[in-house]
Amino acid sequence: MNLFNFFSFSSPAHNKRRQADVALCGRSMVEMLGVLAIIGVLSVGAISGYSKAMFKYKLNRQAESFNILLNNAIQIKPDLDRAFSGINPHGYF
């Protein structure tokens, strides 16, 4: 198919053929921009969700570490009370 036939305006049958040839050329710029916009919106949503999930994970990990520290301190308190019972007779601690 040459360019003269592609851009010529003629009978309706020829116009149908021309429309079919245009359809075979590929996607239009508007379609590509629409796809890029959709991908952009989905990417922003995914990054936002990932950020929130990481914040929750780090917060839960900190809470778990604090809980372990507190439980260990509660477990060794009686040992510390016995060990330091004669050192501080005035009861400051």
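1. The accessible surface of the chain, in what is a predicted model, comes to about 8,700 Å², and carbon and sulfur atoms account for 68% of that area. Of the 93 residues, 5% count as buried.

2. As for secondary structure, the chain holds three helices and zero strands, and its elements run α-α-α when followed from the N terminus.

3. The lowest confidence in the chain falls in helix H1 (residues 3–7), with a mean of 55, while the highest is found in H3, at 94. Where pLDDT is low, the predicted coordinates should not be read in detail.

4. Helix H3 (residues 29–83) contains 55 residues and spans 79 Å from its first C-alpha to its last, which is close to the 81 Å expected at 1.5 Å a residue. Where does H3 bend? The bend, of about 40 degrees, lies at Ile76, and the proline Pro78 follows within four residues.

5. A nonpolar patch on the surface is formed by Met29, Met32, Leu33, Val35, Leu36 and Ile39, which together have about 590 Å² of accessible area. An α-helix has 3.6 residues a turn, so residues three or four places apart point the same way.

Conventions: Residues numbered from 1 in each chain as written. Predicted model: local features only at pLDDT ≥ 70, side-chain atom pairs only at ≥ 80, totals over all residues. Heavy atoms only, no water. Helix = DSSP H or I, 4+ residues; strand = E, 2+ residues; numbered from the N terminus. Buried < 20%, exposed > 50% of the residue type's maximum accessible area, 1.4 Å probe, protein only. Areas by Shrake-Rupley, 256 points an atom, 1.4 Å probe, with all protein chains shown as cover. Patch = residues over 30% accessible without salt bridge, like charges linked within 9 Å, V, L, I, M, F, W, Y side chains within 5 Å. Salt bridge = Lys/Arg side-chain N within 4 Å of Asp/Glu carboxyl O. pLDDT = per-residue confidence, 0-100. Expected span 1.5 Å × (residues − 1). Bend = angle between axes of the 7 residues up to and from the residue.
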